[in-house]
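Here is a quick tour of a protein model, written for someone who likes to know which side chains meet which. Keep the viewer open and click along.

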Amino acid sequence: MLEKIRVYLEEHQLIETLHLKRPFTVTFLAQGEYNQNFLISDNENNYVFRLNYGSQLHLANQIKYEYQALKWLERTGRTPKVYYLDDGCQSFSQGLLIMEFLTGQPLDYRKDLSEAAQIFGQIHQQPLDEHAEEIFVKEKDTILFDRVMECQKLLEPVLISDVVPLHAKKQLANALEARQNNSSQQRFFVELDQWSINNTEVNSHNFIIGDKGFLIDWEKPVISHPVQDISQFLASTTTLWRSNLILSQAEKRHFLSRYLDETQAVRESFEEALRIYHPYLMLRALSWSAMAYDSYQKDTKKLKNQEIFKKVSAYLKEDFLRQALKEQIFE
């Protein structure tokens, strides 16, 4: 693969376009569930070469969606710049893009909460223009309904699986029924009419913290109420994902205060939004985990990450599921 990327760069005159100096290197960088990333570097210029293997939003052209999102988000100053798109799938079976490589470390929940609040604030405050309305998936009137539909889709293979534990199937099915019966709360968000671009995948390793902080991995952004990002950022399933910790009530309140200062959002309505939305977020996170567990066990994943498999296995334990499905941000 490394040599194939090198040849691709040569054949498409990208060495000149990207101002790369010879000799340059191509090395493996990271792999998730739906993408592989490689680092192109000449020690002065550094880029991420990203191959896409699937779409969580079920889009026909996932890589173009991500490219357009990154282009729009450049105005925030908190996301990577993107330089190149190839969605023709000729040289590679996958769509690809080339974007800025940002230097820094993953977010540390113990010391970077204020920076995270600023990053979220500067992205969420960005006014939505006609172009944003045109390119982004919208959840303006359907934020809760969309979580229910998403969970139904994720749980289809889970509820008939012979590898997912029976207790997990029962707990998730019961939680899904409860969320279906409560979707009338959608009108709270419609009446608030407060919408922004949400990343929707805000674990600690999707932040790069250096001299300045950035939010990366814009695979599935949507127009929604900003509670979608904030709920996920503070959820136990997120903080445990890569950092193996759960934030204290004091830490969560500190973060939210900094975020509200940044955005000037009203605390009372935002905390009510968190209370309503968080059970839907938790069900979505756990439904995805169960789906991933099933696909790993049945060997149907194109890309595999053993750390992810270990984590989703832990999330399906009976006691963890019981606590997680009744979790609220503020107890």
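## Ground rules

Helices (H or I, at least four residues) and strands (E, at least two) are DSSP runs, numbered from the N terminus. With that naming, Q328 sits in the segment after α14.

This is a predicted model, where local features need pLDDT of at least 70 and side-chain atom pairs count only at pLDDT 80 or more, while totals for chains, interfaces and linings use all residues. Residues are numbered from 1 along each chain as its sequence is written, and side-chain values use heavy atoms, with hydrogens and water left out.

Start with α1, residues 2–11, whose buried residues are I5, Y8 and L9. These three span an arc of only 100° around the axis, so they end up on the same side of α1.

What do the buried residues of α1 pack against? The list is α2 (14–17) plus the strands β1 (25–31), β2 (35–41), β3 (46–52), β4 (82–86) and β5 (96–100), with contact meaning heavy atoms within 4.5 Å. Just past the end of α1, Q13 has a positive phi of about 55°.

## Salt bridges

Side chains of opposite charge can pair when their charged atoms come close. A salt bridge here is a side-chain nitrogen of Lys or Arg within 4 Å of a carboxyl oxygen of Asp or Glu, and the structure holds 20 of them. Take R50 and D217, whose side chains meet at 2.8 Å, N to O. That pair ties together distant parts of the chain, 167 residues apart: R50 belongs to strand β3, and D217 to the loop between β9 (213–215) and β10 (222–224). Both R50 and D217 are buried.

Another bridge joins D129 to R75, with the closest N and O atoms 2.9 Å apart. This one also links distant parts of the chain, 54 residues apart, with D129 in the loop between α4 (113–124) and α5 (130–135) and R75 in the loop between α3 (62–73) and β4. D129 is partly exposed because its relative accessible area is 27%, and R75, at 42%, counts as partly exposed too.

R322 is partly exposed at 37%, and E318 is partly exposed at 38%. Elsewhere, salt bridges that share partners connect E139, R147, E150 and R284 in one network.

## α12 against α14, and what follows

How do α12 and α14 pack? Helix α12 (residues 267–297) meets α14 at an angle of about 155°, with the axes 9 Å apart. Axes are lines fitted to C-alpha atoms, for helices over the stretch in contact, and angles run from 0 to 180 degrees between N-to-C directions. Angles under 35 degrees count as roughly parallel, over 145 as roughly antiparallel, 65 to 115 as roughly perpendicular and the rest as oblique, so α12 and α14 are roughly antiparallel to each other. On the α12 side the contact is made by M282, L283 and L286, and on the α14 side by F320, L321, A324 and L325.

Now back to Q328. Not counting residues up to four places away in sequence, Q328 touches K252, L274, R275, H278 and P279. Its side chain reaches the backbone oxygen of R275 at 3.0 Å. That is a polar contact, meaning a pair of N or O atoms within 3.5 Å; within protein, one must be able to donate a hydrogen and the other to accept it, and residues adjacent in sequence count only if both atoms are side-chain atoms.

## Two buried polar residues

Q186 lies in helix α8 (residues 186–192) and counts as buried because its relative accessibility is 9%. A polar atom of the Q186 side chain lies 2.8 Å from the backbone nitrogen of L144. Leaving out residues up to four places away in sequence, Q186 touches K140, D141, T142, I143, L144 and F145.

Is K220 buried or exposed? At 7% relative accessibility, K220 counts as buried, and it lies in the loop between β9 and β10. Beyond its neighbours within four places in sequence, K220 has contacts that include Q56, L57, N198, E150 and R284.

Terms used. Buried means under 20% relative accessible area, exposed over 50%, partly exposed in between (1.4 Å probe, protein chains only). The arc is that of the directions from the helix axis to the C-beta atoms.
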